[in-house]
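Please have a look at the model first.

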Amino acid sequence: MAIDDEHTRPDGVDDLTVEALGNISEALEAVEIARGHLYAFHRLSGTADLTLGKGVDQLREAGHAELADRLQEELVGRNVLQGRWTFQIMEEYDDGYYADFKRLERAARDALVEGRRHLYEAEMKEDRRTHGRAGHERKPESGS
């Protein structure tokens with residue numbers, strides 16, 4: 001018995017297709033995590049630059065103008081990669097690889113399983129849960 005219509009494999013879809021789509025979905029999950037790490041890199045790099053700027057200002061106020069000038073000129077506001085601040089890296093990733101991955105994963109599901117998501121996981125849940133046991137319900141609104 002399937003969890004619900006949204007998570008029921010369409011007639012004629014074989015196990016290997018469901019498994020393949022499950023692997024593609026798992027790969028997309030890894031891409032989502034990688035994207036989150038890029039956003040963390042973006043935030044941390046921005047914080048580092050702003051904090052560096054404060055430290056440079058404090059060095060200058062403390063009478064260390066030459067060292068402050070060197071740090072200001074060489075590091076404050078510097079590109080993290082050739083020609084790019086981190087927001088540019090994020091935009092390129094989001095608009096390129098990430099967008100293409102999401103589009104193609106969706107196209108595969110649309111073509112093979114009527115766009116349904118997580119069929120592999122839904123079938124695994126149905127197989128692994130203890131039917132009739134509290135905490136093992138098929139879905140939230142169902143008590144079975």
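**Starting in a loop**

Let's begin with glutamate 114, which sits in the loop that links H3 to helix H4, residues 119-128. Keep in mind as we go that this is a predicted model.

What is the phi of glutamate 114 near? The value is near 55 degrees, so we have a positive phi in a residue that is not glycine. For background, most residues other than glycine have a negative phi. And is glutamate 114 buried or exposed? Its relative accessible area is 56%, and because exposed means over 50%, glutamate 114 counts as exposed.

The loop between H3 and H4 also holds histidine 118. Histidine 118 has a phi near 55 degrees, again a positive value in a non-glycine residue. Its relative accessibility is 35%, so histidine 118 is classed as partly exposed.

Now let's step back into the helix. Helix H3 covers residues 86-113, and aspartate 94 is part of it. Here is a question for you: why does aspartate 94 count as buried? The cut-off for buried is under 20% relative accessible area, and aspartate 94 comes in at 15%, so it falls on the buried side.

Which residues does aspartate 94 touch, leaving out those up to four places away in sequence? They are Arg35, Tyr39 and Ala99. With tyrosine 39 there is also a side-chain to side-chain polar contact, at 2.7 Å.

Let's zoom out to the whole chain. There are 4 helices and 0 strands, giving the pattern α-α-α-α along the sequence. How does its radius of gyration sit against that of a compact globule? A globule of 144 residues would be near 15 Å, whereas this chain has 25 Å. Along the principal axes, the C-alpha atoms fill a box of roughly 75 × 35 × 20 Å.

On burial, 22% of the 144 residues are buried. The chain exposes about 10,300 Å², with 53% of that area supplied by carbon and sulfur atoms. Among contacts with a separation of 6 or more, 66% come from residues 24 or more positions apart.

Last, for those of you who think in charges: the chain carries 20 positive and 31 negative ones, and their mean positions lie 3 Å apart.

That's my tour, and I'm happy to go back to any of these spots on the screen.

Note on methods:
Residues numbered from 1 in each chain as written. Predicted model: local features only at pLDDT ≥ 70, side-chain atom pairs only at ≥ 80, totals over all residues. Heavy atoms only, no water. Helix = DSSP H or I, 4+ residues; strand = E, 2+ residues; numbered from the N terminus. Rg over C-alpha atoms; globule rule 2.2 N^0.38 Å. Buried < 20%, exposed > 50% of the residue type's maximum accessible area, 1.4 Å probe, protein only. Contact = heavy atoms within 4.5 Å. Areas by Shrake-Rupley, 256 points an atom, 1.4 Å probe, with all protein chains shown as cover. Lys, Arg positive; Asp, Glu negative; His and termini not counted. Charge placed at Lys NZ, Arg CZ, Asp CG, Glu CD. Polar contact = N/O pair within 3.5 Å; in protein donor to acceptor, adjacent residues only side chain to side chain.
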